[in-house]
Amino acid sequence: MKLGLALGLLPLAVAAGAQAEDHVVSQKGARFAPLELSVHAGDRVIFRNDDDITHNVFSKSEGAAFNVKLQDPGSDSPVVFERPGVVDVRCAIHPKMKLRIVVKE
Amino acid sequence: MQSRTRSGALVLGACVALLVGAAAKPALDVEPDLEALKAKYRRPASVPHPDDNAPSEARVRLGLTLFFDPRLSGSGVMACATCHNPGLSWADGLERAVGHGMKTLPRRTPTILNVAWAEALFWDGRASSLEEQALGPIASPDEMNQPLEGLVPKLRAIPEYAAQFEEAYPGEGISNATIAKAIASFERTVVSARAPFDAWVEGDESAIGAEAKQGFVVFNGKARCSTCHSGWRLTDDSFHDIGVRGDDRGRGAVLEEIEGVQFAFKTPTLRNVDRRAPYMHDGSEKALEDAVALYDRGGRVRRPSLSREIVPLELTPQESGQLVAFLRTLTSDDAPVAIPRLPR
């Protein structure tokens with residue numbers, strides 16, 4: 001499953017080309033997919049609410065805190081991760097949704 | 001797991017589409033594939049626990065003893081079980097909890113039924129495990145008012161506790177950590193017994209009445225209760241502003257910067273719900289019929305944080321009655337709990 005999702009991201013990543021890449025994170029069934037993601041500093045992660053309920057996406061991780069507030073079903077919320085480090089991402093509404101993003105140099 | 005969920009959703013979707021085509025009704029009014037729906041409510045086969053606190057008979061027995069011991073409070077008269085009374089479905093039946101010095105607290109006592117599966121503890125989710133939660137009410141000046149620095153010395157002064165801790169956690173001694181772990185181990189054994197609803201889910205058509213069966217369809221369909229009250233415990237362990245009046249910001253006080261969780265409280269389990277009135281985090285709804293009426297109106301108050309899933313439902317009186325009939329099938333005949341002999 002993880003491999004499939006990772007491969008699924010490739011066309012987008014290639015299309016973005018050059019330095020910064022885009023990565024899509026799904027939220028279907030109140031579950032982040034993938035559950036772990038490795039990106040490079042400057043990459044953009046698009047949190048896609050492909051679920052049928054409202055979500056939130058936030059992190060309190062040092063140097064990478066963000067909060068996309070309320071996210072309607074069907075909407076995308078892009079976040080650029082500028083600094084290397086580990087970012088723990090949560091949904092404030094659904095605490096079982098947990099995602100770890102490793103931002104590399 | 002994910003692929004099973006997806007295929008289940010596909011089957012349901014196909015079924016709904018077929019029925020919509022046939023009857024030209026709105027999707028939410030259509031009776032979905034009942035067996036697929038029922039499967040989402042099957043009880044789990046085992047109780048989860050963290051790797052570093054596997055249950056044992058000694059740990060559970062110690063936790064039960066601590067749970068009922070009023071010496072864990074500053075006054076010496078309040079135990080965990082004072083508010084989480086097994087005779088009242090592990091709550092107190094009050095609108096709002098009464099704490100140290102008979103002070104009425106802002107929120108209702110939540111049941112500890114089935115908390116082994118909980119993702120977040122307290123009405124506002126500020127603890128993420130039972131071990132983390134257990135010491136909170138003991139130390140709170142408003143609740144049991146026992147400063148944690150004094151807790152271990154108090155228990156060490158009770159001779160019979162030493163052997164019980166040694167048997168439960170060999171070599172670890174009496175510490176705040178082992179107190180919390182023992183209480184958590186006991187709490188994981190507080191699991192509601194099989195209810196008539198469980199028997200029906202597993203195929204016994206005679207286990208619940210026709211009105212309750214129709215209520216289950218309304219619960220999952222027109223009333224959309226299952227959006228949040230999902231799974232066998234009938235909770236998504238998540239936080240929603242459902243439009244209860246008042247200025248308690250709930251999870252919003254824990255995550256101040258996030259508008260979507262202002263006035264939001266954790267979705268409570270609906271197991272044994274008809275024995276746990278009054279309802280909501282502040283006991284403001286007296287009966288199940290009142291709770292259903294709150295949702296039917298789309299909340300008692302409108303504000304920016306109101307969950308977008310909370311909208312007027314336009315239930316008929318018959319549908320409201322069916323919902324209540326269904327909710328009553330979630331109550332199990334739980335065995336009485338023997339109060340332990342406390343160490344001296």
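A polar contact is a pair of N or O atoms within 3.5 Å; within protein, one atom must be able to donate a hydrogen and the other to accept it, and residues adjacent in sequence count only if both atoms are side-chain atoms. In this predicted model, local features need pLDDT of at least 70 and side-chain atom pairs count only at pLDDT 80 or more, while totals for chains, interfaces and linings use all residues. Residues are numbered from 1 along each chain as its sequence is written, chains are lettered from A in the order in which they are written, and side-chain values use heavy atoms, with hydrogens and water left out.

**Chain A and S26(A)**

Chain A has one helix and eight strands (DSSP runs numbered from the N terminus: helices are H or I with at least four residues, strands E with at least two). Along the sequence the order is α-β-β-β-β-β-β-β-β. Of the 105 residues in chain A, 45% are buried, meaning under 20% relative accessible area with a 1.4 Å probe and protein chains only. Contacts (heavy atoms within 4.5 Å) can be sorted by separation: among those in chain A between residues at least 6 apart in sequence, 50% join residues at least 24 apart.

S26(A) belongs to strand β1, residues 22–26 of chain A. S26(A) is buried, at a relative accessible area of 14%. Its side chain makes a polar contact with the side chain of D50(A), at 2.8 Å. Leaving aside residues up to four places away in sequence, S26(A) touches R31(A), F32(A), A33(A), R48(A) and D50(A).

**Helix α9 of chain B**

Helix α9(B) covers residues 176–187, and its twelve residues should span 16 Å at 1.5 Å a residue (1.5 Å times one less than the number of residues). The end C-alpha atoms are 16 Å apart, which agrees. Ten of the twelve residues are buried, so α9(B) is largely enclosed by the rest of the structure. Among the buried residues are T178(B), I183(B) and F186(B). The table lists helices of chain B that are included in what covers them.

| Helix | Residues |
|---|---|
| α3(B) | 57–67 |
| α5(B) | 130–133 |
| α6(B) | 135–139 |
| α7(B) | 148–156 |
| α8(B) | 159–168 |

**The second largest pocket**

A pocket is an open set of points on a 1 Å grid over the protein atoms alone, where a 1.4 Å probe fits, with protein on both sides within 12 Å along at least five of seven lines; lining residues have an atom within 4 Å of a point. The second largest pocket is lined by 43 residues, and H84(B), P110(B), F122(B), W123(B) and Q133(B) lie nearest its centre. Helices α4 (80–83), α5 and α9 of chain B each supply at least two residues of this lining.

Note on methods:
Buried means under 20% relative accessible area, exposed over 50%, partly exposed in between (1.4 Å probe, protein chains only).
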